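I would ask you to keep the coordinates open while reading.

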Amino acid sequence: MSLAALDKKPDVGPRSLIRTLRILERLAGAPDGMTLGDFSSELESPKSSLLGLLKPLCSYGYVVRDADRYTLGPAAYRLGTSIMPSLSMSRIAAPIMRELVDQSEETVLIAVLDRDAGATTYIEKIESSRSIRYTVALGTSRPLYCSAAGRVLLAYADVEYIEQYLRNAKLTPLTPQTLTKPDELRRRLPHIREQGMEITIGEVSSDVAGFAAPIFDHQGRIIAALAMAAPVSRTQNRPEHFAVLIRDAAESISFGFGHAGAALKFASDPDER
């Protein structure tokens with residue numbers, strides 16, 4: 001539900017609560033702060049109403065005012081620090097993964113980097129309900145160089161790790177389509193970071209297409225990759241469609257982890273869709 005829609009409702013508690021949370025969300029993504037006019041424009045709310053919410057936030061230390069700009073205060077940082085340890089990948093990602101499966105009708109997974117093994121490991125999954133679908137056991141590993149999730153995790157790794165991997169990894173062909181040249185992989189990584197996602201067609205298995213995008217935490221560090229796997233025949237005619245879905249879903253999960261540069265594009269509440 002948009003804030004414009006909320007403006008049509010009576011001025012009751014939930015409305016003020018949602019606006020208060022939106023204020024904190026906007027400030028989390030604005031390190032230089034925001035003015036009252038900025039808030040009014042972005043939240044589509046009258047300055048007088050927003051001022052009534054900002055004053056108590058300032059008095060309790062959740063927001064700090066300096067001249068005409070507002071920034072997050074120490075109480076907000078204490079709250080964020082206390083919340084983050086209780087968050088789990090499953091709790092945040094599962095509703096968004098389910099919605100992604102509903103929209104794509106394909107299997108969705110979360111993968112993490114195994115630095116020592118030079119591989120990616122699947123830790124969460126929701127399978128497609130189709131009779132012909134991609135399936136894999138949790139705990140299964142895939143090479144970094146040829147899987148969509150693996151390349152995403154490698155692309156956002158530190159430079160030292162990337163160079164070490166490119167020097168030491170054996171890029172064994174798993175199919176005729178597998179990328180096996182280190183220089184080609186090195187050139188591919190900046191493109192992945194620029195696009196914010198990766199697509200592989202038949203590189204791990206000839207009949208499987210993979211789509212993956214990064215998941216970031218509140219400090220902007222990559223913590224996992226969201227992946228979608230499907231038969232090549234069902235994705236080859238519209239790869240852009242699946243690319244948009246995977247990017248939006250990964251960004252929504254990053255939003256759940258407090259990543260300042262992310263936005264909620266997949267609603268976990270059916271009433272918000």
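The points below go from the chain as a whole to its sheets, helices and single residues.

1. Basis of the values. This is a predicted model, in which local features need pLDDT of at least 70 and side-chain atom pairs count only at pLDDT 80 or more, whereas totals for chains, interfaces and linings use all residues. Residues are numbered from 1 along each chain as its sequence is written, and side-chain values use heavy atoms, with hydrogens and water left out.

2. The chain as a whole. The protein chain has 11 helices and 9 strands, where helices (H or I, at least four residues) and strands (E, at least two) are DSSP runs numbered from the N terminus. Of its 273 residues, 42% are buried; here buried means under 20% relative accessible area, exposed over 50%, and partly exposed in between, with a 1.4 Å probe and protein chains only. The chain exposes about 14,100 Å², of which carbon and sulfur atoms supply 52%, the areas coming from the Shrake-Rupley method with a 1.4 Å probe and, for residues, only the protein chains shown counting as cover. Among the contacts with a separation of 6 or more, 55% join residues 24 or more positions apart, a contact being heavy atoms within 4.5 Å.

3. The sheet of β1, β2 and β3. Three strands form an open sheet in the order β1-β3-β2, with antiparallel pairing; two strands pair if DSSP finds at least two bridges between them. The edge strands are β1 (34-35) and β2 (63-66), each of which pairs on one side only. Strand β1 is joined to β3 (residues 69-72) by 2 bridges, and M34 stands opposite Y70 in β3.

4. Strand β4 and its two partners. Strand β4 (residues 107-114) runs antiparallel to β9 (residues 222-231), with 5 bridges between them, and it is also antiparallel to β5 (residues 119-126), with 7 bridges. Which residues stand across from V108? In β9 the residue opposite V108 is M228, while in β5 its bridge partner is I126. The hairpin of β4 and β5 has 4 residues between the strands, and there G118 takes a positive phi near 65 degrees.

5. In β7 (residues 198-201), E198 and T200 form the covered face, whereas I199 and I201 form the uncovered one. The hairpin has 6 residues between the strands, and G202 takes a positive phi near 65 degrees in it.

6. Aromatic pairs. A search of the whole structure finds 3 aromatic pairs. One of them, F211 with F242, is tilted, at 5.6 Å centre to centre and 40 degrees between the planes; rings of Phe, Tyr and Trp (its six-membered ring) pair if their centres lie within 6.5 Å, with planes under 30 degrees apart counted as stacked, over 60 as edge-to-face and the rest as tilted. The pair links distant parts of the chain, F211 in strand β8 (residues 208-216) and F242 in helix α11 (residues 239-256), 31 residues apart. Both F211 and F242 are buried.

7. Helix α3. In helix α3 (residues 36-43), the residues L36, F39, S40 and L43 are buried. They cover an arc of only 100 degrees around the axis, so they lie on the same side of α3; the arc is that of the directions from the helix axis to the C-beta atoms. Just after α3, E44 takes a positive phi of about 55 degrees.

8. P176, by contrast, sits in the loop between α8 (159-168) and α9 (182-195) and counts as exposed at 76% relative accessibility. P176 and E203 are 27 residues apart in sequence and 7.5 Å apart in space, C-alpha to C-alpha.

9. Cysteines. The structure holds 0 disulfides, a disulfide being a pair of cysteine sulfur atoms within 2.5 Å. C58 is partly exposed, with a relative accessible area of 25%, whereas C146 counts as buried at 0% relative accessibility.
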